[in-house]
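Please read these notes with the model open. They take up a few local points.

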Amino acid sequence: MKKPAFDVVVFGATSFVGQILCRYLHEEFGTASKPGARQLRWAIAGRSKAKLDELLASLGASAKSIELIIADAADEKALESLCASTRVVVSTVGPYALYGEPLVKTCTRLGTDYCDLSGEPPWMRKMIEAYSDAAKKSGARIVHCCGFDSIPSDMGVRFLQEQSRLQFGAPCTQVKMRVKAMRGTASGGTVASIVNIVREATHNPALRKELINPYSLCPPDAIKASARQTNVSGPVFDADFSAWSAPFVMAAVNVRVVLRSNALLANAYGREFRYDEAMLTGPGFGGRVKAIGITAGLGGFIAAAAIAPTRWLMEKTLLPAPGEGPSPDAQKKGFFDLRFVGRTDDGRELRVKVTGDRDPGYGSTAKMLGESAACLALDVSKKEVSGGFWTPSTALGARLHERLVTHAGLKFDVLA
Ligand SMILES: NC(=O)c1ccc[n+]([C@@H]2O[C@H](COP(=O)([O-])OP(=O)(O)OC[C@H]3O[C@@H](n4cnc5c(N)ncnc54)[C@H](OP(=O)(O)O)[C@@H]3O)[C@@H](O)[C@H]2O)c1
């Protein structure tokens, strides 16, 4: 078979996050004609040549030689030649439930590896069910959730379990992640993806049932053997952190990914492994009021997104439109600080933290996604990891950890 021309093609290069990703790849890897210190043959793809040209112009004169591929997300012929040209397609064309399936279908048919930023569990469950057999047969490795959801959670739990095995000789069968602090806002594309899930769920009782099942991304045999998971759905005082906590919006994705990782690792974290996530809001009366405010705000947003007239009003007035998001300055000033506490079956405790040096949803996400794509293309052979639907930690493991720490501004530390 002909060797693909590229290691990585960015599909959706003109999206808000795709543009940040291309800037990152350009800075880190240069171009084919002007390579950087690190090597990666990469190209950009999207549906509009004019917009792709504009993106290249914004990257500067040295980006002129980056190749463009024109493909619409619904055009399977164009997707076929895109997939044949590269080892990995990284897609930021979302909402994935609206546009993502033809690309996953094509990758799994042709054996092209794929990663994305999907934070849409019902769509991922659908893709796993429909295309797992094809991926296993063709050798395509499909890795969803390579951004803020769910790399810090999935790789953070992986790190904690590695440390737990080193220190205690056993995994922590109960782990919780708490967002200690973060600064960053959502883009139009992310908001569109959340609103799309809420809209679909209002007309679909089966989907509503799926959305409350923490094991929805696990293989069916893993579900039968699994522990009852707790879910922080309102203000709760957390004695482990001596602070109040509130629901964390990304938990709906992260918990499912971490539980899938455990299932794919044949329950290496324990058959009765329990995991949950929440946001810390501080101690005392102030922390409690903040936790109540976050809970009410989240509930209000979901209720408003479920009803057509308020959804329309929110989309027109309050929410960022697709293509909009935080400024470069806000991305630079952003950060995140996540704390994990784990306990073994015999009650020993381990605490770790994971931090990032940019706003979680864009600056950091673009670096995590770029390193995931490069890792999938260059570091992990098809012999080591075979075709199928993986999670970031189970497909890319130690090699991704190394890249995140060395290049993407993430830190993983054991706390005393
Ligand atoms: N997991 C995370 O941590 C995380 C973080 C950030 C974003 N996200 C997700 O990433 C996705 C992108 O977010 P964003 O804010 O960057 O989105 P965005 O700015 O709204 O961009 C959407 C992209 O999709 C492209 N597109 C739409 N329809 C298409 C079609 N038929 N064919 C080809 N391309 C098409 C658009 O192309 P044009 O430019 O030509 O219109 C654009 O490039 C969303 O699903 C969002 O939820 C996830």
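1. Basis. This is a predicted model: local features need pLDDT of at least 70, side-chain atom pairs count only at pLDDT 80 or more, and totals for chains, interfaces and linings use all residues. Residues are numbered from 1 along each chain as its sequence is written, and side-chain values use heavy atoms, with hydrogens and water left out.

2. Helix α3. Residues 76-84 form α3, and its buried residues are Ala-78, Leu-79, Leu-82 and Cys-83. They fall within an arc of 135° seen down the helix axis, so they line one face. Buried means under 20% relative accessible area and exposed over 50%, with partly exposed in between (1.4 Å probe, protein chains only). The face turned away carries exposed Lys-77 and Ala-84. Helices (H or I, at least four residues) and strands (E, at least two) are DSSP runs, numbered from the N terminus.

3. Cover and cap. The cover over the buried residues of α3 includes β1, β2, β3, β4 and α5. Contact here means heavy atoms within 4.5 Å. Asp-75 caps the N-terminal end of α3, with a side-chain oxygen 3.2 Å from the backbone nitrogen of Lys-77.

4. Ala-251. This residue is found in α11 (residues 251-264). Its relative accessibility is 10%, so Ala-251 counts as buried. Leaving out residues up to four places away in sequence, Ala-251 touches Arg-256 and Glu-277. The C-alpha atoms of Ala-251 and Glu-277 are separated by 5.5 Å, though the two are 26 residues apart along the chain.

Key:
Arc of directions from axis to C-beta. Polar contact = N/O pair within 3.5 Å; in protein donor to acceptor, adjacent residues only side chain to side chain.
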